[in-house]
Structures are given as C-alpha cells and as structure tokens.
Amino acid sequence: ALLLAVSLWLGNGLENTHHIPAKDLEKAAEAVLKEDWPLASALYQRAEKHWQKHRNLTAALAHHNLIEQIDIGFAMLEDYSRCRDTAPFAATCSQIALQLRSLPQSHAFSWQNLL
C-alpha cells in the first residue's frame, strides 16, 4: 500500500512539474515555424529555467540517461537559436517536450512498477 501511494504521489508530482516546460517547448516549436524567433527563444529559455529549477529533484527520482538527454537537448537549442536553424530547433523542442512528458511514466502506477 505504501509503495502504491508513493508511486502515485511521485508520478503526479513529476507530471505537474514537467507539464509547464513541455508546453512552452511545444509553443516554441510552433513559433519558430512561423519565423517568430524572439518568442521561440523566450519560450525555450523559460522552459530551460524551469527545468534547471526542478532538475535535481527529478534526477533523484528518474533515470539519469533521460536527464542527460534533456540537458543535451537544451544545449542544442541554444546553438540552433544562435544560428537561427529552424527545422532542427523545432524538432529538438518537440523531442525534449516528449522526454519531459515521459519522465513521470516510470513512477506512475502500473502493474509493472508494482511488481
């Protein structure tokens, strides 16, 4: 019962924490495809700031490979933004958003996690 309660609590907490930056990254991908680089840059930087604020807690609870992939993705966004490289910027935003949304799945309740 305790394992179930902790699993549900962690899954919900991580989902709520990473929903905001994932949404910002999705909006940044849309903005850059419309050639609105100032908005895209502001959104990805806000998402990265939010990620950095919650990164250490997430790292304590999630697989480190995914954490490192997200960190690398944000570093790539900085380079793409500087070079104004539209397609890779949009693709990387979408990829990081998916990774952020997948973080809570390893802690959400499922029979595999229970066993």
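How many residues does α4 have, and how far does α4 reach from its first C-alpha to its last? Helix α4 has 17 residues and reaches 25 Å between those two atoms, close to the 24 Å expected at 1.5 Å a residue; the expected span is 1.5 Å times one less than the number of residues. This is a predicted model, in which local features need pLDDT of at least 70, side-chain atom pairs count only at pLDDT 80 or more, and totals for chains, interfaces and linings use all residues. Residues are numbered from 1 along each chain as its sequence is written, and side-chain values use heavy atoms, with hydrogens and water left out. Helices (H or I, at least four residues) and strands (E, at least two) are DSSP runs, numbered from the N terminus.

**Aromatic pairs**

- The model contains 2 aromatic pairs, where rings of Phe, Tyr and Trp (its six-membered ring) pair if their centres lie within 6.5 Å, and planes under 30 degrees apart count as stacked, over 60 as edge-to-face and the rest as tilted.
- Trp-37 and Phe-89 form an edge-to-face pair, at 5.1 Å centre to centre and with 65° between the planes.
- This pair links distant parts of the chain, as Trp-37 belongs to helix α2 (residues 37-61) and Phe-89 to helix α4 (residues 86-102), 52 residues apart.
- Tyr-44 and Phe-89 are also edge-to-face, because their ring centres are 5.7 Å apart and their planes stand at 80°.
- Tyr-44 lies in helix α2 and Phe-89 in helix α4, so this pair ties together parts that are 45 residues apart in sequence.
- Through these ring pairs, Trp-37, Tyr-44 and Phe-89 are linked into a cluster.

**Burial**

- Trp-37 counts as buried because its relative accessibility is 5%; buried means under 20% relative accessible area, exposed over 50%, and partly exposed in between (1.4 Å probe, protein chains only).
- Phe-89 has a relative accessibility of 0% and therefore counts as buried.
- Tyr-44 and Phe-89 are both buried.
- The buried residues of α4 include Thr-86, Ala-90, Cys-93, Ile-96 and Leu-100.

- Gln-99, a residue of helix α4, is buried, with a relative accessible area of 9%.
- Leaving aside residues up to four places away in sequence, Gln-99 touches Leu-66, Gln-69 and Ile-70; contact means heavy atoms within 4.5 Å.
- Leu-103 is found in the loop between α4 and α5 (111-114), and at 1% relative accessibility Leu-103 counts as buried.
- The C-alpha atoms of Leu-103 and Leu-66 are separated by 7.8 Å, while the two residues are 37 residues apart along the chain.
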